[in-house]
Amino acid sequence: MGKFDHLFQEKNVYTSDLYCKGIYPAAKTDTDTFVKKEGESEKYSVVLPLNHGSIYRVRFETNPAALRVAACLSDPRALKDGEGMASPALSDCPFIEGEVAFDADCEFMYVPQVLGEYLVIYTGTEKPDFIIEEYPVSLGYDVEDDWWDCGKQGSNMGGEDSWGDWQWTYDEFINNIYEPMRAKYPDYITRQWIGKDETGEIDMWAYFYEPADYEQVLFLTGGIHGEEVDGYSGLGRFLQLLAEEDGSHAGMHYLRTKVKLVVVPVCNVWGATHNSRVTSKGVNLNGDFKNHDAVETINVIWLFEQYKDQIACSMDFHTAIPKAAAMYYQFSIEAANSLVARKVSNHVFEDLKKKGWVEGIPQMWLIPGKLKKDSKYLQGYFYNKYGVPTIVCEHNQSRWYEHHSAESIETATKYYGNHIIQTALAKLKLVK
Ligand SMILES: [Zn+2]
């Protein structure tokens with residue numbers, strides 16, 4: 001247990017004694033509203049003051065007959081009879097996407113977007129039993145867990161002073177970044193052909209970073225979206241620094257000497273070559289893990305299955321567009337890596353604040369994924385089918401710096417790297 005772990009442990013915070021009457025979200029219109037109606041005294045809502053920096057999970061014993069969920073910026077219990085209040089559209093909430101659809105398990109999650117928010121859960125005339133769990137995430141404390149800094153990096157713009165070139169084909173990327181590493185550290189790094197892509201022309205490679213005396217296995221994937229170049233480049237840069245580590249950072253040294261990494265540097269190899277989100281046949285691999293329409297997906301699953309009983313965590317690396325969240329991670333709040341994922345996300349949040357990239361009222365940008373992730377995604381498939389904890393790490397490619405710049409590579413390398421290091425240090429599953 002770390003010094004601040006208690007700040008990230010889930011707790012049950014509210015139960016059904018919080019029901020109150022007469023507060024009542026109206027039907028969804030252009031602007032969601034809710035009103036106080038004393039006359040509607042048989043209609044029940046729960047009004048929940050939210051701690052910013054936490055994720056809330058609401059679970060009902062049985063599906064309520066009527067159900068609407070709204071959020072507001074002041075306490076709706078203070079409204080006078082007949083008064084109304086606007087509610088930010090919940091479709092803006094990263095968690096409750098579209099309609100508040102309760103699945104068979106009668107649960108949903110909510111992340112407060114701003115300080116001082118209240119959640120209103122309207123249940124109609126019933127008072128179904130429920131429980132609310134609070135998962136603290138981003139509390140403004142540094143967890144002091146051996147944060148790793150990669151220092152300044154080269155750009156991905158091509159040219160003499162660059163680290164890499166975003167215009168490289170997949171083969172060029174492999175031959176310029178991964179193959180020199182393998183040549184330099186043959187006792188540590190090996191590779192395996194895992195199949196052709198859909199065109200039948202591009203070879204897909206997996207790389208293994210295997211210390212002689214490893215005690216756990218992590219599964220790392222990049223480039224499921226082929227155009228997310230700085231993302232899979234950041235993963236490649238991190239692995240270079242890992243291969244070369246000199247013992248000066250304890251977490252890196254542990255990773256280098258005790259953890260086997262099974263890595264698919266790029267999953268959408270045709271997409272990486274053609275700067276395309278989808279494969280040559282138009283398949284978005286990110287949604288193909290249930291149907292397996294693309295052979296690329298099958299190749300990745302085949303590799304995963306060789307190690308499925310050993311893998312402590314599967315980590316999938318993406319890039320987000322500039323307008324997307326400053327910090328964007330998905331994992332299952334219930335999975336074994338939940339605590340470490342929240343802790344590292346808090347570090348990242350603190351780092352973004354130090355850089356001045358997020359300011360003012362702290363915003364919760366962490367997106368821990370749906371509790372039961374859809375198996376069409378890699379992370380849902382590996383978690384639901386095999387019980388392996390997963391995380392998707394998204395690096396913002398150009399919100400504060402130029403696309404493919406040195407800062408972009410540095411940010412991807414550092415944030416991905418710390419997630420990998422801390423996941424390893426959490427020792428979610430030991431194999432030897
Ligand atoms: Zn992506």
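**Entry 1, the open sheet.** I began with the open sheet, in which 7 strands follow the order S12-S13-S15-S14-S16-S18-S17 with mixed pairing. At its edges I found S12 (189-196) and S17, each with a single partner strand, so one side of each has no neighbour in the sheet. From one strand to the next the twist averages 20 degrees. For my own record, two strands pair if DSSP finds at least two bridges between them, and helices (H or I, at least four residues) and strands (E, at least two) are DSSP runs numbered from the N terminus.

A note on the source: this is a predicted model, in which local features need pLDDT of at least 70 and side-chain atom pairs count only at pLDDT 80 or more, while totals for chains, interfaces and linings use all residues. Residues are numbered from 1 along each chain as its sequence is written, and side-chain values use heavy atoms, with hydrogens and water left out.

Gly195 stands opposite Met204 in S13.

Helix H3 (residues 250-258) lies across S14 and S15 (259-264), at about 80 degrees to S15. H7 lies across S14, S16, S17 and S18, at about 165 degrees to S18. Here axes are lines fitted to C-alpha atoms, for helices over the stretch in contact, and angles run from 0 to 180 degrees between N-to-C directions. Contact means heavy atoms within 4.5 Å.

I stayed with H7 (residues 378-386): 7 of its 9 residues are buried, so this helix is largely enclosed by the rest of the structure. Buried is under 20% relative accessible area, exposed over 50%, and partly exposed in between (1.4 Å probe, protein chains only). Among the buried residues of H7 are Leu378, Phe382 and Tyr386. Their cover includes helix H5 (295-307) and strand S16 (311-320). Just after H7, Gly387 has a positive phi of about 75 degrees.

Which protein atoms are the donors of the zinc ion? I found His225 (ND1), Glu228 (OE), Glu228 (OE) and His318 (ND1), lying 2.0 to 2.3 Å from it. Donors are N, O and S atoms within 2.8 Å of the metal (3.2 Å for Na, K and Ca), and sites may look incomplete, as water is not among the atoms. The 4 donor atoms subtend angles of 57 to 149 degrees, which makes the arrangement irregular. In sequence, the donor residues are spaced H-x2-E-x89-H. His225 counts as buried at 3% relative accessibility, and Glu228 is buried at 6%.

I moved on to S10 (residues 118-124), where 7 of 7 residues are buried. Tyr118, Val120, Tyr122 and Gly124 are on one side, and Leu119, Ile121 and Thr123 on the other. In a regular strand the side chains alternate between the two faces of the sheet. S5 (residues 44-49) pairs with S10 in the antiparallel sense over 6 bridges, with Val46 as the bridge partner of Ile121. S7 (residues 68-72) also pairs antiparallel with S10, over 5 bridges, and Ala70 stands opposite Val120.

How values were computed. Four donors count as tetrahedral if all angles lie between 85 and 135 degrees; four count as square planar and six as octahedral if opposite donors are over 155 degrees apart and all others between 65 and 115; anything else is irregular.
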